[in-house]
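Colleague: I am new to this structure and would like to learn how to read it. Could you walk me through some features, one at a time?

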Amino acid sequence: MASNNYSYNATYNHSNASNIHTPYGSGDPYYNESTGFIAPNATKKKTSNWLKIGVPVGLVVIAAAVVGIVFGVRAHNKSSSASASGSGSSSSNEAAASQAASVKAEIGIYATATNSQYLLPLYPSTTNTAAFTSPTFHATTNAALSWPEDSFKPTNPSPTTVRPDRPRLIAPSYKWQALPDLIKSDPYLKAWNDTIFGNATDYYNLPVVKYFMDGDSGILDNAREIKMRIKAFAYVYRMTNDTKWVDRAYKELQNAVSDDFGPADDTKWNPTHFLDTAEFTAAFAYAYDWLYDAWTDDQKTEIRNNMLTYGLNRGVIAYSNSDQKFTGWWTNNTQGNWNCVCNGGLTVGALAILGDDTTGTAEKLLGMTVDNAKQNCAQAVTSDGTWTETANYWYFGTTGHAEMASSLKTATGSDYDLLDVNPNFWKTGLFHMYVTGPGSLFAWGDHGPNKFSTTANAMFLYGDHFQHPEFVLFQRDQHDAPEPWSMFWYNPTVAGAFWDGMPLDHFFTDELDQWAAMRSSWTDENALYVGMKFGKNQGHQTHNDLDVGDFVIDALGTRWAGEFGSGDYRSENYFSNDTQGSERWLYYRKRSEGQNTIIVNADNQLVTAEPKILQNLTSGTAQGSSTVMDVPSDSTALFTGDLTSAYADTATSWKRGVRLLNGRKQVLIQDEITASQSVMWRMHTNATVTADGTSATLKIGDKTLQMSILNAPNGATFTTGDAVRLSSDPPLIDGQVDQPNPGVTVVMISLPAGEYNLQVLFNPQWDGMSASDFVTPPSVPIDSWSLTSHNK
């Protein structure tokens, strides 16, 4: 099990733990492999309430059940979103900007901490009408409050024509010149700057990253850790002009091409797992560009040649498949993180050396990567904003996409429509906000490797570009905000509170994903949150589970029904394919029985399932300016679907619905199913469960949730079991084992073949509520549900 102590141990180097076998994580005790949904142990006291990002804390895999952490659309579009800055007179705009800056300076950082159980911001219970206002950007020409305009504005931009000055990637010199004054006036920039300096100091004292080939997962951890360090070293050098940071960065670069680091040929950066090659290329690119003025000519030549040999030349080979090894498979019809990361790394690498490269390789790659990313990477966001893979793979994909778009824009004057070619891309900011509950992400499917240099800070770039200040305001309070990209993507003219006017519910209705998020508050760590997904079982880059009907529930500061996240990435044929007979579906965490759903005949769902949403209704409740949400008694939301196709061969009908009751204090999940084989209702929890017939009591710490089966069919009772394979499951591949899931209990209702209406009521035991305050809803067929159908 991964450690629950997120304070940084400066003497530990994850790369030196290569003798420990963990899924993808290279033995890092800070790596949140999802071994279960266990609620975290009490966090040790720290000297600060604010977690550092980047040091092993920065490795956090934000799964709904990150190991050790439990199971544990706004009605506007891009053009009408925020009140932006341009309306009104110049004098009134300046006055508003000045007032907002004064309020920001007085209030400081809104959240009081990020060292909560789930690494999410903790907000004070207060109303401040001066600060907690509608999200907006305030236009101003005051150099102490906003970025100056970039004077580099080519009339006919080209990917192969770059600005004359350095740096050219993400942070041009004019931004470095403006940054010190902005840090003085903005508490967020100041806090992030301080944290980056602290992280860089910690990295400085660590040994260089040790080479470790993590099976089929390659050396991606190595690449991203080195990239994380290079960013910090380069940032601090440019802020201090202290060349010790240049020397330390160079030491890391030399190590990554040394005889001790991989094969002694051009496959050193592992192009068979091209993510590794791309991230190493990006790390070298940022070092080359951000430290350009500090390198000697010999160092530039060395860094450039290494980038070409192990990175960019391999990119040309990948695109052409000249070695017949198909290392560029990700260039073809791959709408997901692979295309974003690989094209992004090659693009920033090419941009970094353009003009110095005499081989023509940089120009050649830029003629391929930009269009390919527009056709693939940019299409990884569906029509409703959901990332095609999983909530966690959103981080990897958007980081690669944002780095590429930003670097193109700063280096050449245009992103060539990479940000806008998909007209729905802006909605992915909403996806990230709504998929985040008080118990962490609704993290269906795989959660991926260590994050290291990967964050959610693309939200800053997207919020500014698409004029959605709520994205910026949401992300700036998160634990992973303090890192170099934030310092340049953040628009300091932003003001207000992201939650002011933000609807509590949202329905994502693209046929691929089909999911809903409902909550009782955006700012209360004890709030009720329910996520439920229907969606298809194919089309997710083989990162999904067989999980039609899956759900999570948060309440009382913990997660009661949750997700496992990834299995062991080194399991045989884990990523083989997503056909019905795929060996991926042999592993418990990927099987239907490992999800919070119904299974029929103790079998997996069909990969060809095409569930259909029946209704998605909400009372339209939005949070106001206060962090204390007073939920109206009639506030509710519901989400229903026809899921029959998931078991088309053993069920003639299956409908599932979820709704909130009693002013968002209770949850009802109802299943109407007719099956020719046995039926089992399943839910995974970290709670200690006491089952008693048609009721069950769940306890996590001093918190309690009551479950009951309403109008129980004959024979319907709660039972419990371990989160292990069923005795009837097909055998695993010889030599393979399932990961243990300690501390996880499965709550079940088992019934023979037949026709059933299963109504399960969830009653979190809220402080101040007595038994008489809870409601017992009437029995209503799913097809007859409405916003008022369960009122008495």
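This is a predicted model: local features need pLDDT of at least 70, side-chain atom pairs count only at pLDDT 80 or more; totals for chains, interfaces and linings use all residues.

Colleague: How many helices and strands does the protein chain have?

Modeller: Helices (H or I, at least four residues) and strands (E, at least two) are DSSP runs, numbered from the N terminus. Here the protein chain has 14 helices and 21 strands.

Colleague: And what share of the residues counts as buried?

Modeller: Buried means under 20% relative accessible area, exposed over 50%, and partly exposed in between, with a 1.4 Å probe and protein chains only. Of the 792 residues of the protein chain, 65% count as buried.

Colleague: Why is helix α6 described as largely enclosed?

Modeller: Because 17 of the 17 residues of α6 are buried, the rest of the structure largely encloses this helix. Helix α6 runs over residues 274-290 and reaches 24 Å from its first C-alpha to its last, close to the 24 Å expected.

Colleague: How do I read a pair of aromatic rings?

Modeller: A pair is described by the distance of the centres and the angle of the planes. Rings of Phe, Tyr and Trp (its six-membered ring) pair if their centres lie within 6.5 Å; planes under 30 degrees apart count as stacked, over 60 as edge-to-face and the rest as tilted. The structure holds 58 aromatic pairs. In one of them, the centres of Y319 and W330 are 5.6 Å apart and the planes meet at 85°, so the pair is edge-to-face. Y319 lies in helix α7 (residues 297-320) and W330 in the loop between α7 and α8 (337-353), so the pair ties together parts eleven residues apart in sequence. Y319 is buried at 17% relative accessible area, and W330 is buried at 0%.

Colleague: Which residue lies over the face of W147?

Modeller: A charge sits over a ring if NZ of Lys or CZ of Arg is within 6 Å of the ring centre and within 35 degrees of the ring normal. K175 lies over the face of W147, at 4.6 Å from the ring centre.

Colleague: How many bridges join strands β8 and β9?

Modeller: Two strands pair if DSSP finds at least two bridges between them. Three bridges join β8 (residues 551-555) to β9 (residues 558-561), and the strands run antiparallel. D554 has R559 in β9 as its bridge partner. Two residues sit between the strands of this hairpin, where L556 takes a positive phi near 60°.

Colleague: Is N333 buried or exposed?

Modeller: N333 counts as exposed, at 56% relative accessibility. N333 is in the loop between α7 and α8 and has a positive phi of about 55° although it is not a glycine.

Terms used: Residues are numbered from 1 along each chain as its sequence is written. Side-chain values use heavy atoms; hydrogens and water are left out. The expected span of a helix is 1.5 Å times one less than its number of residues.
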